[in-house]
2 protein chains.
Amino acid sequence: MKAKVHVTLKPGVLDPQGKAIAHALEALGFDGVADVRQGKYIEIDLKDGSGDGGAGAAEARVSEMCEKLLANTVIENYRVEIDS
Amino acid sequence: MKAKVHVTLKPGVLDPQGKAIAHALEALGFDGVADVRQGKYIEIDLKDGSGDGGAGAAEARVSEMCEKLLANTVIENYRVEIDS
């Protein structure tokens with residue numbers, strides 16, 4: 001089973017990395033870029049035998065991983081999708 | 001119009017950052033994690049007036065941004081989605 005996690009900065013939190021990308025795109029001649037935000041994308045491969053309860057249980061477990069390690073919930077949001 | 005870009009390491013390319021996450025999850029007591037791969041997730045806000053031809057043209061433009069700046073195509077794959 002595979003879990004896909006998106007970790008993104010909350011709206012309103014400054015994103016200097018995104019700003020740097022936007023400026024670099026402009027310098028390369030790409031106009032029409034209003035804003036860029038960079039986040040993280042994490043793919044977690046879960047062992048098939050691990051845990052029971054299927055996708056729902058896996059989603060709860062991965063959400064707990066996000067709370068404890070993957071995301072800084074003060075400034076970041078996360079989204080979990082489970083691919084079975 | 002919004003473009004969502006996923007940049008991921010190609011299969012076979014070593015991912016030390018992903019390995020570090022996997023070890024940290026194990027140390028926190030999460031078992032059942034077989035593998036972790038970390039990539040980048042970039043949201044690009046395109047000005048509405050910019051370019052013409054709608055989603056298809058936007059996708060081509062963002063793919064060009066990936067080739068030139070956002071992804072290192074030697075070791076990374078990218079995927080572009082357009083939200084209108």
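Predicted model: local features only at pLDDT ≥ 70, side-chain atom pairs only at ≥ 80, totals over all residues.
**Entry on the interface.** I began with the chain contacts and found that 31 residues of chain B are in contact with 31 residues of chain A. The area buried between chain B and chain A comes to about 2,800 Å², with carbon and sulfur atoms giving 68% of that area. I then looked up the polar side of the interface, where the rule finds 0 salt bridges between chain B and chain A, while 11 residue pairs are in polar contact, both residues at pLDDT 80 or more. On the side of chain B that touches chain A, at least two residues each come from S1, helix H1 (16-27), S2 and helix H2 (54-70) of chain B, and S2(B) gives the most, with 14 residues. I noted that this side of chain B divides into 15 nonpolar, 6 polar and 10 charged residues.

**Entry on the largest pocket.** I read a volume of about 280 Å³ for the largest pocket, whose lining has 18 residues, with A:Gln38, A:Lys40, B:Gln38, B:Gly39 and B:Lys40 nearest its centre. Strands S1 (2-9) and S2 (33-46) of chain A and strands S1 (2-9) and S2 (33-46) of chain B each give two or more residues to this lining, which by class holds 4 nonpolar, 8 polar and 6 charged residues.

**Entry on the second largest pocket.** Here I found a volume of about 210 Å³ and a lining of 15 residues, of which A:Lys2, A:Glu43, B:Thr8, B:Leu9 and B:Arg37 are the closest to the centre. S2(B) gives the most to the lining of this second largest pocket, with 5 residues, and the lining divides into 4 nonpolar, 4 polar and 7 charged residues.

Methods:
Residues numbered from 1 in each chain as written. Chains lettered and ligands numbered in written order. Heavy atoms only, no water. 1 Å grid on protein atoms, 1.4 Å probe; cavity = no way out; pocket = protein on both sides within 12 Å on 5 of 7 lines; lining within 4 Å. Points joined across faces, edges and corners; volume = space filled by probe spheres on them. Helix = DSSP H or I, 4+ residues; strand = E, 2+ residues; numbered from the N terminus. Nonpolar A, V, L, I, M, F, W, Y, C, P; charged D, E, K, R; others polar. Contact = heavy atoms within 4.5 Å. Buried area = accessible area lost by both parts, 1.4 Å probe. Salt bridge = Lys/Arg side-chain N within 4 Å of Asp/Glu carboxyl O. Polar contact = N/O pair within 3.5 Å; in protein donor to acceptor, adjacent residues only side chain to side chain.
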